[in-house]
Amino acid sequence: MSEKLERLFGEVKPVIAMVHFGALPGSPLYDREGGLEALLDGVRKDLAALQDAGFDAVMFGNENDRPYEFKVDTASIATMAYVIGQVRQEIRIPFGINVLWDPEASIALAAATGAGFVREIFTGTYASDMGPWTPDAGKAMRYRDRLHRQDLALLYNISAEFAYSLDRRSVADRARSAVFSSIPDAVLVSGNITGEAAEMTDLEAVKRVLPDTYVFANTGVKHATVRDTLKVADGVIVGSSLKYDGHTWNAVDPERAAEFMRLVRMDR
């Protein structure tokens, strides 16, 4: 198991909650009237609700910067850094970064803010909504080390959302190969798009071939499924299920968030 994740979470199977930014400057859905204050207010309220609910960690992501890009605008990264900097003293739990779909931008932002982990697509070859997708794990990890953040844990999503893998090996075979070739700290198994669950059979198969690697369920974990999911997975990442009405683009619902962690604690 990854020493970095053990330092962050100990023996607990971590439940990581998403803090979804509103659309950032330069993206089509940006709220020009609300501006930076609206972005900051949304992040601050979601962060408070998730911490009060007892989540083990949070992850900041630019989920609403649609259409997504492989090389993210500098203004997006700068804005995320500004907002995280404004709430940095309010963060009481480990936190991570995911700048869609740009591994190096995610690492840069993590280095700038002191984050403990990063989630991205680091390996594989895909046909995607954004076009041909060929991430470079070697380049990303070397960039992390050049920034002197060898302590930064890298969470590899090996079943990319919004995409079709051109590698026809099974998810389990791709995961096992990625662990050998590209040394992730954790492997994440996802559904087809944000908010859709990974197939339990895929999650079970990946964990079966990687008994000594952290394997997380990455999307679509719900109140009704989290307990069963954690019987297989070493952790989960959750976003949409915690929002008002379970809708990805809504704010975090404190009651839904608290109930989610109540269910998790039943097995701890």
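Does T79 count as buried or exposed, and at what relative accessibility? At 9% relative accessibility, T79 counts as buried, where buried means under 20% relative accessible area, exposed over 50% and partly exposed in between, with a 1.4 Å probe and protein chains only. Welcome to a short tour of this predicted model, in which local features need pLDDT of at least 70, side-chain atom pairs count only at pLDDT 80 or more, and totals for chains, interfaces and linings use all residues. Residues are numbered from 1 along each chain as its sequence is written, and side-chain values use heavy atoms, with hydrogens and water left out.

- T79 belongs to helix α3, residues 74-87; helices (H or I, at least four residues) and strands (E, at least two) are DSSP runs numbered from the N terminus.
- Contact means heavy atoms within 4.5 Å, and, not counting residues up to four places away in sequence, T79 touches L24, P25, L36 and L39.

**Strand β11 and its partners**

- Strands pair if DSSP finds at least two bridges between them; β1 and β11 run parallel and are joined by three bridges.
- In that pairing, A17 stands opposite V238 in β11.
- Strand β10 (residues 214-217) also pairs with β11 in the parallel sense, over two bridges, and A217 stands opposite V236.
- In a regular strand the side chains alternate between the two faces of the sheet.
- Both faces of β11 are covered: G235 and I237 are buried on one side, V236 and V238 on the other.

**Helix α9**

- Helix α9 (residues 254-265) has twelve residues and spans 16 Å from its first C-alpha to its last, close to the 16 Å expected at 1.5 Å a residue; the expected span is 1.5 Å times one less than the number of residues.
- The buried residues of α9 are A257, F260, M261, L263 and V264.
- They cover an arc of only 155 degrees around the axis, so they sit on the same side of α9; the arc is that of the directions from the helix axis to the C-beta atoms.
- These buried residues pack against β1 (15-20), α2 (35-53), α8 (226-232) and β11 (235-238).
- At the N-terminal end, D253 caps α9, with a side-chain oxygen 2.9 Å from the backbone nitrogen of E255.

**Two buried loop residues**

- T248, in the loop between β11 and α9, is buried, with a relative accessible area of 12%.
- The side chains of T248 and S240 are joined by a polar contact of 2.5 Å; such a contact is a pair of N or O atoms within 3.5 Å, where within protein one must be able to donate a hydrogen and the other to accept it, and residues adjacent in sequence count only if both atoms are side-chain atoms.
- Leaving aside neighbours within four places in sequence, T248 is in contact with H20, E63, T194, S240 and K243.
- R149, in the loop between α5 (137-146) and β7 (153-157), counts as buried at 11% relative accessibility.
- The R149 side chain reaches the backbone oxygen of A115 at 2.6 Å.

**A three-stranded open sheet**

- The strand order of this open sheet is β6-β5-β8, with antiparallel pairing.
- Its edge strands, β6 (131-133) and β8 (163-165), each pair on one side only.
- Strand β5 (residues 126-128) is joined to β8 by three bridges, and Y126 stands opposite S165 in β8.
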